[in-house]
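Biologist: I'd like to learn how to read a model like this one. Can you walk me through it?

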Amino acid sequence: MSSLAVQKAPSAAGTTGAAQGRPPLRRRIALVPTLTLVIGAIYTLLPVAWVVIASTKSGHELFSTFTFLPGTGFADNLKDLNAYRDGVYWKWMGNSALYAGLGALLSTCVSAFSGYALAMYRFRGREAMFNILLAGVLMPPIILAVPQYLLLAKADLTDSYLSVLLPQILSPYGVYLARIYASAAVPADVVEAGRMDGASEWRIFTRVALPMMIPGLVTVFLFQFVAVWNNFLLPYIMLSDDEKFPITLGLYTLLEQGANTPALYTLVITGAFLAVIPLIALFLVIQRFWSLDLLSGAVKS
Amino acid sequence: MTTARRRSYGVKGAPYAFLLPATILFALFFALPIGYAVYLSFRKVHVSGLGLGSGARKEVWAGLENYTGALTDSELAHGALRVLGYGCIVVPVMLGLALLFALMLDSDKVRFTPFTRLAIFLPYAIPGVVAALMWGFLYLPDVSPFYYVLEKLHMPQPDLLDGGPLYLAMSNIAVWGGTGFNMIVIYTSLRSIPAEVYEAAKLDGATPLQIALKIKIPMVAPSLVLTFFFSIIATLQVFNEPMTLKPLTNSLPLTWSPLMNVYQDAFRKGDIYQAAAEAVIIAVATLVLSFGFLRAANRRQKQEAAR
């Protein structure tokens, strides 16, 4: 873990300020940067705060009371959401968890294999393979999704869980990150020592290299989890049976129906609020032992 | 001897074995679909007679017909123009804010950074559909706090979901969603600059602003180029946000962005051939634009270095 974690920024205030008695405020806090960042944080939190508050309002309150005033209808909204089409909302949440969880897990495995191979071996075609894989990042999703749909239709696989799961397993960005983490975290002489001891390549990978790559692979997993959870285009093209919808597609169809019936607005809002909780919770929990910087492929040893 | 040979054989084959899953997936879900899209873009359905009966509809070669069709399609051209306008707002504003926040995070004596950093990054975890949905409601006069304030102040209340303001409304969603991730990328590269680099400047009495402009920004230029590159690609692919805002307004056509146009042609009109040609054109245009930018940026950097 520590070998990969990027060092924390020095905590600026406090230590020197306390020692020198009470210096003027301006010297202890850099006012402009702090204020800029706080304004930025307010901007990003504003819509989230609104959706939290709006989800507590009954349909009547939503249009009549000041928008940042909490309402009294949260329990009713929740009950309505549960009742909507026999609780299909929770089905969508479960589907999203399945697509994102299983998809990200498989994606992480594939990325780990590929990243390890690209980082630790010298072989013919290595750079070509890496570049071709990376080119996948640049492909617009639509040029993939439409023919993917048509091809999967030939295999009779559209409108199935697999049609959403399979195309998202290979993540070029995941392979790229895994390669960086592998070359930074796994020393070549450790691998060589394993070979001297007569261990097979597979054994060296699983027993020696994989544990060292874990912190980086957590990042790959999270990245892919978010990417799949947030994906809309692919399921929108692939699926027609709403029992298989992920939450993004479910909320979209709910909004589409609700456009003409404002009574459904409260359902959409409550649904949106509940939909953002899992990912926010995931990030808050993981924040504690994981650095955001790893997402940009930054590694310091 | 034999074991040694076998072992070296094992080492040689190992990387290919490790790369096998990725290769298979790449072939099935990247290479094959792209090839198929290109193939379809040169095909069309030929209908003979009234189009009835089993042999009446036949797929035949179309030459460049689909491409000329796509290039003269005014809907697609309008969509492209709309997205270019939208991109001209989104990319500079988003990356400008990302750079500003990253520099602020990196400055001395700044407070509350763990909180503000996480808060600004938070939208990354929120699906584009949900983001567009939340902002969409904030743009609706009936429920929005902004309109409430404007009304109390007796200020004009523009319709955010129509005409020119629609671009701003749509751009705002993308800026809100993308700033945090780009901020993290830039901030990470800021922190990899060794502290000694600033020390001399500080001793010479340079202000933080001077240090930011003269030292920090030039040193993170490569990561700025990279974020710019990926932002151009992402912006030209916009789909989720306009799709989600669509039910909330009548002034958003179903072909607002080129991707929406492809979807319409492929699945509403059922013309997958024309749609395939459009998808290929969009892909090529995206690659030309983004790599053109990358080349221009590289050339500039070389010139700077040579000076």
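Biologist: How far apart do the end C-alpha atoms of residues 93-286 of chain A lie, and what percentage of the span is helix or strand?

Modeller: Keep in mind that this is a predicted model. In chain A, those end C-alpha atoms are 21 Å apart, and the span is 79% helix and 0% strand. An unreviewed UniProt entry annotates residues 93-286 of chain A as "domain: ABC transmembrane type-1".

Biologist: And how many residues of chain A and chain B are in contact?

Modeller: On chain A, 77 residues are in contact with 80 residues of chain B. Elements giving two or more residues to that side of chain A include helix H4 (59-64), helix H8 (141-154) and helix H15 (265-287). The most comes from H3(A), with twelve residues. Sorted by class, the side of chain A touching chain B has 60 nonpolar, 13 polar and four charged residues.

Biologist: Where is A:Arg85 found, and where is A:Asp86?

Modeller: A:Arg85 sits in the loop between helix H5 (74-83) and H6 of chain A. A:Asp86 is also in the loop between H5 and H6.

Note on methods
Residues are numbered from 1 along each chain as its sequence is written. Chains are lettered from A and ligands numbered from 1 in the order in which they are written. This is a predicted model: local features need pLDDT of at least 70, side-chain atom pairs count only at pLDDT 80 or more; totals for chains, interfaces and linings use all residues. Two residues are in contact if their C-beta atoms, placed from the backbone, lie within 7 Å. Helices (H or I, at least four residues) and strands (E, at least two) are DSSP runs, numbered from the N terminus. Ala, Val, Leu, Ile, Met, Phe, Trp, Tyr, Cys and Pro count as nonpolar, Asp, Glu, Lys and Arg as charged, and the others, Gly among them, as polar. UniProt positions are given in the numbering used here, feature names are shortened, and annotations may be inferred rather than shown by experiment.
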